[in-house]
Amino acid sequence: MSTRRTLQSAPDLLADLDAEAMDQGKLQTEEMLINMGPQHPSTHGVLRLVLRTDGEMVLETTPHIGYLHRCAEKIGESVAPYQYVPYTDRLDYLSAMNNNHAWSLTIEKLCGIQVPERASTIRIIMAELNRIASHLVSLGTYGLDMGAFTPFLYTFREREYILDLFEAVCGARLTYSYITPGGVTDDLTEDFVDRCRAFLDYFVPKPAEYNQLLSYNHIFIERTAGVGVISPRDAIAWGLTGTCLRATGVKWDLRKCLAYDIYDRFEFEVPVGLPEGGVMPVPPGMPPVVVPAGVVVGDSWTRYALRIVEMYWSAHIVRQALDRLPAGEYRAKVPRTLKLPEAEIYFEAENPRGQLGFYVVGNGTSIPSRVKVRGPCFNNLSIVSHVCRDCLLADIPAIVGSIDIVLGEVDR
Amino acid sequence: MVEEPTRNGLLYNRFDDGVMVTSVDWLLNWARESSIWPVTFGIACCAIEMMATGASRFDIDRFGAGAFRPTPRQADLMIVAGTVTYKMASRIRRLYNQMPDPKYVMAMGACTIGGGPYARHGYHVVKGVEMVVPVDVYVPGCPPRPEALLEGLMRLQDRIRMQTIARRGPAPEKTDI
Amino acid sequence: MSVEEIGSVLSERFGDAIIEFVAAGLHPHAVVAAGRWHEVATFLRDDPRMGFNMLRSVSGVDRQAQNELEAVYDLIAMAPPEGSREGFWAARHALAVKVRTERANPHIPSVADVWPTADWHEREAYDLLGIVFDGHPDPVEDEAGRHPRRILCPDDWQGHALRKDYVFPEAYGGIPGRSEIDASKPVK
């Protein structure tokens with residue numbers, strides 16, 4: 001005898017399907033646990049999101065990380081500060097110059113090393129160019145998440161010119177190890193300043209193209225405006241930094257508020273999230289960015305647009321740095337075996353994705369006894385479980401993409 | 001630990017040595033090498049160079065390999081781009097198993113070849129992806145330049161060109177396929 | 001407020017709970033007794049003179065020589081603009097707090113309800129150093145007791161990697177821990 005129950009043979013099944021309940025929307029649907037990742041085109045790396053969904057609505061998101069845990073802190077306790085520079089490259093591999101910069105400043109402050117002004121200026125040029133390159137990747141891949149393939153090709157085209165400049169000074173395209181404790185590893189090439197100026201002249205009209213393609217695209221605005229709104233209080237409580245924090249309206253940038261290196265000698269403005277109709281401040285001579293209707297302060301569109309405006313301001317800083325590049329040494333005289341004092345330091349620098357912090361404990365030898373890497377994306381990602389609730393499934397890539405994570409920094 | 005890939009498809013290992021299969025070989029191999037579809041599987045820094053290879057300056061699409069498939073079930077090639085950790089290793093194996101034959105694996109970057117810079121002090125790093133999946137091509141570099149990745153792709157194309165549907169070894173057992 | 005003033009306010013209010021206060025140097029910090037850390041944390045966040053609203057980082061440190069594990073909390077007070085230049089938020093003051101506990105049975109009260117940032121940071125400190133944070137919002141119960149869920153290493157990972165006496169695993173999940181070339185050389 002077959003035990004398969006069909007609708008005709010089991011009248012009690014029919015009783016469950018109460019037609020009236022279906023009309024009134026009271027029918028119980030099953031909740032589903034969907035696994036997104038660790039291999040997924042939209043998770044920007046090996047991130048696993050477990051979503052509890054009710055149809056299209058995501059009720060709860062649980063991020064699981066650690067798929068790229070490369071033991072950066074254990075390595076910090078095993079090698080000397082110079083040897084650690086290549087490992088800092090690989091933390092947030094899209095902004096390797098900025099990571100090197102943060103590490104070098106930490107060690108210099110700990111050991112009391114004075115860096116010559118030419119070296120500092122070169123560092124700022126490299127850091128800001130890398131900020132532009134990093135934001136270009138962020139914008140391109142965000143467009144890719146939203147289904148737009150062309151902006152990705154455009155932004156990578158610009159990025160290749162920046163990588164050419166980097167390759168000219170240090171030979172590498174992605175992991176530079178160029179900024180080291182004491183200065184930089186080698187001086188700029190003779191034609192660097194001219195090439196850099198030519199690149200900036202070429203680059204400045206480009207974000208307007210991205211605005212035409214993507215930023216003011218009706219579908220893009222529908223998908224990102226009002227999605228993933230974070231309040232300033234939540235942002236500070238959850239430790240958000242960088243663009244994610246500024247998008248909520250909190251005007252906080254370490255380059256201005258706790259100025260490090262020689263950033264206090266440069267003129268630049270820091271954009272924050274504005275309500276609709278607001279005009280984001282841009283350097284003179286560059287087209288303005290106006291906030292369209294539907295956008296709320298702290299949403300995904302604001303985080304995306306702030307990166308475009310930050311690219312303008314980084315280009316402005318690089319121009320100033322090229323103008324005031326002094327002659328001199330590109331490196332301070334630092335002993336080959338650098339002995340760290342018996343002291344500790346916690347130092348943070350403003351990376352494209354937030355504040356990268358290093359906590360270093362020295363014990364009198366050349367190898368630190370503890371290196372803690374405070375990755376900005378670690379904190380930025382932790383808010384996903386708080387924000388990605390009661391939203392649509394299609395909003396998840398929009399929110400996670402706008403927070404702009406790089407798993408190398410999350411997992412270290 | 002890792003078993004060799006099987007070649008028990010419809011065409012392989014069916015024909016005796018005496019049968020002339022060169023034109024069919026040439027056609028099949030040309031079709032396969034000109035449309036190697038990779039699975040989007042970037043793990044770490046090498047993934048960015050893989051993306052740059054797919055972008056406009058280096059353009060992997062002119063080799064036919066530009067159609068990156070998000071699902072391994074439709075892909076031919078898994079470019080393991082980035083450090084393999086113990087937590088990730090089982091997922092890589094699962095993705096490899098989900099790929100249909102004929103499938104190829106390219107180990108991109110120093111981390112996948114032997115652990116890379118993390119080989120000595122990385123407790124959570126697998127010292128080479130060959131401990132997890134069988135590898136066809138190794139591309140050294142940290143990260144390898146896009147030109148190096150394209151060279152690796154061309155080496156893989158050479159390997160594919162060497163394939164033949166004629167039987168090379170003893171006759172296989174009858175399978176249900 | 002200067003760092004010294006913060007130190008005197010804390011000592012006045014909490015007395016013995018503030019074991020030590022170091023105001024000079026590159027990293028001014030207070031050493032707080034683990035038993036009253038939650039109380040001190042709430043005060044640091046809520047008191048208008050303190051106002052430490054952002055927890056920047058929680059680092060676990062293995063002080064093997066003193067047979068202790070330590071959690072270092074780096075805090076910063078960010079104040080909204082009130083007539084400051086161009087509307088920038090100001091960094092009022094920054095302070096670090098160290099909480100020490102014994103290595104054999106490390107327990108520190110969790111401050112994840114004070115600063116939600118601490119949630120993931122404490123999970124990481126447990127994962128890499130073995131410090132058990134009592135009252136953590138995401139606990140797991142197993143033969144090691146009730147502890148925060150691991151975050152970076154897999155859930156069934158043995159040992160805590162950043163301890164000075166950590167031995168690298170021989171294998172995990174069937175995959176050997178060292179390649180054949182390295183097998184001849186000892187790993188420190």
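The contact between chain B and chain A takes 28 residues from chain B and 26 residues from chain A; two residues are in contact if their C-beta atoms, placed from the backbone, lie within 7 Å. This is a predicted model, in which local features need pLDDT of at least 70 and side-chain atom pairs count only at pLDDT 80 or more, while totals for chains, interfaces and linings use all residues. Residues are numbered from 1 along each chain as its sequence is written, and chains are lettered from A and ligands numbered from 1 in the order in which they are written.

On the side of chain B that touches chain A, α2 (45-54) and α3 of chain B each supply at least two residues. Helices here are DSSP runs of H or I with at least four residues, strands are runs of E with at least two, and both are numbered from the N terminus. By class, that side of chain B has 16 nonpolar, seven polar and five charged residues. In this classification Ala, Val, Leu, Ile, Met, Phe, Trp, Tyr, Cys and Pro count as nonpolar, Asp, Glu, Lys and Arg as charged, and the others, Gly among them, as polar.

Chain B also meets chain C: 15 residues of chain B are in contact with 13 residues of chain C. Which helix of chain B gives the most to the side that touches chain C? Helix α3 (residues 86-98) of chain B does, with four residues. The classes on this side of chain B are eight nonpolar, five polar and two charged residues.

As for chain B itself, there are five helices and four strands. From the N terminus on, its elements run α-β-α-β-α-β-α-β-α. Of its 177 residues, 45% are buried, where buried stands for 20 or more other C-beta atoms within 10 Å of the residue's own, exposed for 12 or fewer, and partly exposed for counts in between, with C-beta atoms placed from the backbone. Among contacts in chain B with a separation of 6 or more, 79% are accounted for by residues 24 or more positions apart.

The mean pLDDT of chain A is 89, and 93% of its residues reach 70 or more; pLDDT is the predictor's confidence in each residue, from 0 to 100.

Strand β1 (residues 32-36) of chain A runs antiparallel to strand β2 (residues 48-54) of chain A, and five bridges join them; two strands pair if DSSP finds at least two bridges between them. Within this pair, Ile34(A) stands opposite Leu51(A) in β2(A). β2(A) also pairs with strand β3 (residues 57-64) of chain A, in the antiparallel sense and over seven bridges. There, Leu49(A) has Pro63(A) in β3(A) as its bridge partner. The hairpin of β2(A) and β3(A) has two residues between the strands, and Gly55(A) takes a positive phi near 70°.

How do the axes of helix α9 (residues 206-215) and helix α14 (residues 300-323) of chain A cross? They come within 11 Å and cross at roughly 170°; axes are lines fitted to C-alpha atoms, for helices over the stretch in contact, and angles run from 0 to 180 degrees between N-to-C directions. α9(A) is therefore roughly antiparallel to α14(A), the term for angles over 145 degrees. Pro207(A), Tyr210(A) and Ser215(A) of α9(A) make the contact with Ala305(A), Ile308(A), Met311(A) and Tyr312(A) of α14(A). By class, this contact has six nonpolar, one polar and no charged residues.

Finally, chain C. There are three helices and 11 strands in it, and its C-alpha trace spans about 65 × 40 × 35 Å along the principal axes. Buried residues make up 39% of its 188 residues.

Five strands of chain C form an open sheet of mixed pairing, in the order β1-β2-β5-β4-β3. Its edge strands, each pairing on one side only, are β1 (18-22) and β3 (54-63) of chain C. From one strand to the next, the twist averages 20°. β3(C) and strand β4 (residues 68-79) of chain C run antiparallel, joined by nine bridges, and Ser57(C) has Asp74(C) in β4(C) as its bridge partner. Helix α3 (residues 118-129) of chain C packs on the sheet and touches β3 and β4 of chain C, its direction making about 10° with that of β3(C).

Note on methods
Angles under 35 degrees count as roughly parallel, over 145 as roughly antiparallel, 65 to 115 as roughly perpendicular and the rest as oblique.
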